Amino acid sequence: QGYEGLVEGGDNIKQANWLSVSNIIQLGGTVIGSARCKAFTTRAGRLRAARNLVEHGITNLCVIGGDGSLTGADIFRSEWGGLLEELVQDGQISEEVARENCHLNIVGLVGSIDNDFCGTDMTIGTDSALHRIMEVIDAITTTAQSHQRTFVLEVMGRHCGYLALVSGLASGADWLFIPESPPEDGWEDLMCERLGE
């Protein structure tokens with residue numbers, strides 16, 4: 001469950017093995033779970049997370065997520081030494097255990113359907129999202145044609161219009177709105193004229 005599992009510990013931290021990861025590659029969403037974690041935004045929460053990692057002998061983290069997840073990982077990395085010192089002072093771990101776990105390695109992978117991260121060809125989740133959008137468009141196109149109606153489709157992407165733009169191009173959409181290029185005044189008349197053509 002992301003950082004929530006890291007903070008809560010217990011059964012949330014378990015070793016992945018061949019059986020636990022077999023036949024999950026084709027599943028949508030995230031099999032390992034995902035959760036926004038308010039506790040991890042506090043030092044006390046990160047201290048609990050550090051304690052759970054040390055308890056399991058984990059010194060390598062692979063963080064898959066967007067801005068919040070990767071920012072959290074950077075903060076956690078920068079505080080790691082201080083968190084271990086605090087755990088030693090509180091008597092939760094020994095100095096020897098702190099020395100054994102003195103370095104935390106973190107790899108960050110951008111998991112965002114928005115595909116809005118510089119330096120990557122395509123972020124994790126974008127291709128799956130586009131695939132789903134195209135399936136939906138294929139399914140409703142014949143209905144739109146048979147009813148001779150205009151259909152409006154809204155896709156995810158928050159402040160990034162990548163999904164809308166690419167799916168609009170792939171489906172031959174007649175009109176498109178993306179946040180990077182807000183419509184100009186009078187767009188309604190222009191759109192009606194275009195659709196009339």
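Start with the second largest pocket, which has a volume of about 950 Å³. A pocket is an open set of points on a 1 Å grid where a 1.4 Å probe fits, with protein on both sides within 12 Å along at least five of seven lines. The volume is the space filled by probe spheres set on the points.

This is a predicted model: local features need pLDDT of at least 70, side-chain atom pairs count at pLDDT 80 or more, and totals for chains, interfaces and linings use all residues. Residues are numbered from 1 along each chain, and side-chain values use heavy atoms, without hydrogens and water.

Select Phe151, Val152, Leu153, Ala173 and Trp175. Of the 31 lining residues, these lie nearest the pocket's centre. Lining residues have an atom within 4 Å of a point. Helices H6 (126-147), H7 (162-171) and H8 (187-196) each give two or more residues to this lining. H6 gives the largest share, 5 residues. Helices here are DSSP runs (H or I, at least four residues), numbered from the N terminus.

Now show H6 and H7 together. They pack at about 45°, with axes 10 Å apart. Which residues of H6 and H7 make the contact? Pick Thr126, Ala129, Leu130, Ile133, Met134 and Ile137 on H6, then Tyr162, Leu163, Val166, Ser167, Ala170 and Ser171 on H7. Contact means heavy atoms within 4.5 Å.

Next, select H3 (residues 43-56) and H4 (residues 67-89). Their packing angle is about 75°, and their axes lie 9 Å apart. H3 and H4 are therefore roughly perpendicular, a term for 65 to 115 degrees. On H3, find contact residues including Arg43, Arg46 and Leu47. On H4, those they meet include Ile75, Phe76 and Glu79.

Key: Axes are lines fitted to C-alpha atoms, for helices over the stretch in contact, and angles run from 0 to 180 degrees between N-to-C directions. Angles under 35 degrees count as roughly parallel, over 145 as roughly antiparallel, 65 to 115 as roughly perpendicular and the rest as oblique.
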